[in-house]
There are 2 protein chains.
Amino acid sequence: MAVDFYHGHGSPFSWRVWLALEAKAIPYNLKVLSFQNEETRKPEVKAINPRGQVPTLVDGGFAVWESLAILEYLDERFASGAKLYPGDAGNRARVRRLIAETEAYLYREGISPIVDELFWSGDKGPNPERVAKAREKLAAELQYFAAELKGKFLGGDTLTAADCVLAPLIQYCKRITFRKPETKLDELIPPALRDYNQRIEALAYFDKTYPPHWR
Amino acid sequence: MAVDFYHGHGSPFSWRVWLALEAKAIPYNLKVLSFQNEETRKPEVKAINPRGQVPTLVDGGFAVWESLAILEYLDERFASGAKLYPGDAGNRARVRRLIAETEAYLYREGISPIVDELFWSGDKGPNPERVAKAREKLAAELQYFAAELKGKFLGGDTLTAADCVLAPLIQYCKRITFRKPETKLDELIPPALRDYNQRIEALAYFDKTYPPHWR
């Protein structure tokens, strides 16, 4: 039986779940909710996830939300396709450590303040010091993750949950650069991560997960 | 063989690992690093964890950091004591969802901005609007988690990883109230969570994990 996957195009949190569903070849019903129309806040969505957010997954009546809980759930519940947390306790701990670091440092201290300032600072406009500091942090983190590559991907030659989390954020850096070329965030991506990103984009299922409004 | 546990007193991130080590009855060498003396930044610590942070765990030469990766590792690696992520994929997903929500909403949108403003706003002083908004969010999240209790703890009648994450943050609310009584954060804790906190404090090992400088 297919799972229901509530998704919002362009959310890096929701995108990671879509990549995981595809990597694991899990049948799913894609339910796209529009952020613009505030569809995640609709009563029928909040009846499933009281926080009114994507991603949300429903599997035979059981609902789970928060993207990292969903990734772990999919890997435990479905044996098909890629193993998102492969290997022994040590290997699995490394994948989870990389995920935590991607969220805490690359995203929250790097990308997120830049997005805040450039897109959400309102009339007062962006704070250039905060942008510069976050850009420096982002550069250092991109170098850190380039050094963590093991073979084709972060966990080895097959896709893991760590890639499902990192890959949408590299796309996000490219998207920010497209919208705000002066940020030149794409120039911060080291060669090893550029190659990595090409391997991600070459995955058979990547293209269909790409946000349509970003094309 | 005992694991090495690098800890900083008062860090809610590190505290969760200590509670997990005790709940699972895992032998450990406690290595306390002083934040005040910047001991986490010492070269011998950064040789183990390049981020120079606690908690860090070393198990037979294998180092893992980021508290949530450590909690998962301990539960996979050691069969003793409490099962931190018990039950089937659905139950485990619920524990992980509660952890993600504790971090994202109760901590980062509730406690963290309050601490920022009251302790780190420097000469300009705290922004009362930001404090008030965060306090309101914290109140709503405390109600949310009170409603998520299942029996004695969050996951049922035994301690899970979700409790290891939530319990230090309830202590943190109490500590902030002690340092800044005008915040009255302790008044936001609903009766069900007060009772829960008493059960946590009654755990045989709780007392020794309490930050000595908070007494």
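Mentor: Two strands pair if DSSP finds at least two bridges between them, and helices (H or I, at least four residues) and strands (E, at least two) are DSSP runs numbered from the N terminus. This is a predicted model, in which local features need pLDDT of at least 70 and side-chain atom pairs count only at pLDDT 80 or more, while totals for chains, interfaces and linings use all residues. Residues are numbered from 1 along each chain as its sequence is written, with chains lettered from A and ligands numbered from 1 in the order in which they are written.

Trainee: Which strands stand at the edges in chain B?

Mentor: Chain B has an open sheet of four strands with mixed pairing, in the order β2-β1-β3-β4. Each edge strand has a single partner, so one side of each is left without a neighbour in the sheet. They are β2 (28-32) and β4 (62-65) of chain B.

Trainee: What is the bridge partner of V3(B) in β2(B)?

Mentor: Look at strand β1 (residues 3-7) of chain B, which runs parallel to β2(B) and is joined to it by five bridges. In β2(B), V3(B) has as its bridge partner Y28(B).

Trainee: Which element gives the largest share of the side of chain A that touches chain B?

Mentor: The contact (C-beta atoms, placed from the backbone, within 7 Å) takes 18 residues from chain A and 18 residues from chain B. On the chain A side, β4 (62-65), α3 and α4 (89-120) each give two or more residues. The largest share, eight residues, comes from α4(A).

Trainee: At what angle do helix α3 of chain A and helix α4 of chain B pack?

Mentor: Among the residues of α3(A) that meet α4(B) are L68(A), Y73(A) and R77(A), and their counterparts include R92(B) and R96(B). The axes, lines fitted to C-alpha atoms over the stretch in contact, are 8 Å apart. Helix α3 (residues 67-77) of chain A and helix α4 (residues 89-120) of chain B, with angles run from 0 to 180 degrees between N-to-C directions, pack at about 165°.

Trainee: How are the two copies related?

Mentor: Superposed by least squares on C-alpha atoms of residues with pLDDT of at least 70 in both, chain A can be laid on chain B with an RMSD of 0.0 Å. This takes a turn of 180° and a shift of 0.0 Å along the axis. Also, 100% of the interface residues of chain A are interface residues in chain B, so the copies meet through the same surface. The two copies are thus related as by a two-fold rotation axis.

Conventions
Contact = placed C-beta atoms within 7 Å.
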